[in-house]
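Subject: Structure handover

Hello,

Here is the structure I promised to pass on. Please open it first, then read my notes below.

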Amino acid sequence: IIIHLFVDKCLGWEGLCVEPQKQYHSELETKRSCKLVPMCLTSEKTAMMIGGLPKHRGAGMSIKPLPPSKILPEGGSWERVNCAP
């Protein structure tokens, strides 16, 4: 976050922050000078799932297409996000 502070405050940057995860939106809006784009970027409009598995199941974050059932898998911290070009 230190480099972001330098770029925002010292260089006066006012670009876009592309962040689909809701958990980061509040902090981006209050601590950064960028305009928040609350979605992911893809070649076509679609819904994806972002998140990961608990540590005891391998952990790690990823973004994947939403299953055809549109139901998020159990046993992880998955969140549905909208994506657009």
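How many disulfides does a search of the whole structure find? The count is two, a disulfide being a pair of cysteine sulfur atoms within 2.5 Å. Before the details, two notes on the source. This is a predicted model, in which local features need pLDDT of at least 70 and side-chain atom pairs count only at pLDDT 80 or more, while totals for chains, interfaces and linings use all residues. Residues are numbered from 1 along each chain as its sequence is written, and side-chain values use heavy atoms, with hydrogens and water left out.

The disulfides

Helices (H or I, at least four residues) and strands (E, at least two) are DSSP runs, numbered from the N terminus. The torsion about the S-S bond of cysteine 17 and cysteine 34 is about -105 degrees, so this disulfide is left-handed. Both cysteine 17 and cysteine 34 are buried. Buried means under 20% relative accessible area, exposed over 50%, and partly exposed in between (1.4 Å probe, protein chains only).

Cysteine 40 and cysteine 83 form a disulfide too, their sulfur atoms 1.6 Å apart. Here cysteine 40 of strand β3 is linked to cysteine 83 of strand β6, 43 residues apart. Cysteine 40 is buried, at 9% relative accessible area. Cysteine 83 counts as buried because its relative accessibility is 2%. With bonded cysteines counted along the chain, the pattern is 1-2, 3-4. As for cysteine 10, it counts as exposed, at 57% relative accessibility.

The fold

The chain has two helices and six strands. Along the sequence they follow the pattern α-β-α-β-β-β-β-β. Four strands make an open sheet in the order β3-β6-β4-β5, with mixed pairing. Two strands pair if DSSP finds at least two bridges between them. The edge strands, β3 (40–41) and β5 (61–65), each pair on one side only. Strand β4 (residues 46–52) and strand β6 (residues 79–84) run antiparallel and are joined by five bridges. Alanine 47 has asparagine 82 in β6 as its bridge partner.

Isoleucine 63

Isoleucine 63 lies in strand β5. Is isoleucine 63 buried or partly exposed? It is partly exposed, with a relative accessible area of 40%. Leaving out residues up to four places away in sequence, isoleucine 63 touches Cys40, Met48, Met49, Ile50 and Val81. Contact means heavy atoms within 4.5 Å. The C-alpha atoms of isoleucine 63 and methionine 49 are separated by 5.6 Å, and these residues are 14 apart along the chain.

The surface and the whole chain

Ile3, Phe6 and Leu11 form a nonpolar surface patch, with about 320 Å² of accessible area together. Areas come from the Shrake-Rupley method with a 1.4 Å probe; for residues, only the protein chains shown count as cover. Leucine 11 sits in the loop between α1 (2–10) and β1 (16–18). Leucine 11 counts as exposed, at 57% relative accessibility.

The chain exposes about 6200 Å², and carbon and sulfur atoms supply 59% of that. Of the 85 residues in the chain, 29% are buried.

Best wishes

Methods
Patches are made of residues with over 30% relative accessible area and no salt bridge: like charges are joined within 9 Å, nonpolar side chains (Val, Leu, Ile, Met, Phe, Trp, Tyr) within 5 Å. A salt bridge is a side-chain nitrogen of Lys or Arg within 4 Å of a carboxyl oxygen of Asp or Glu.
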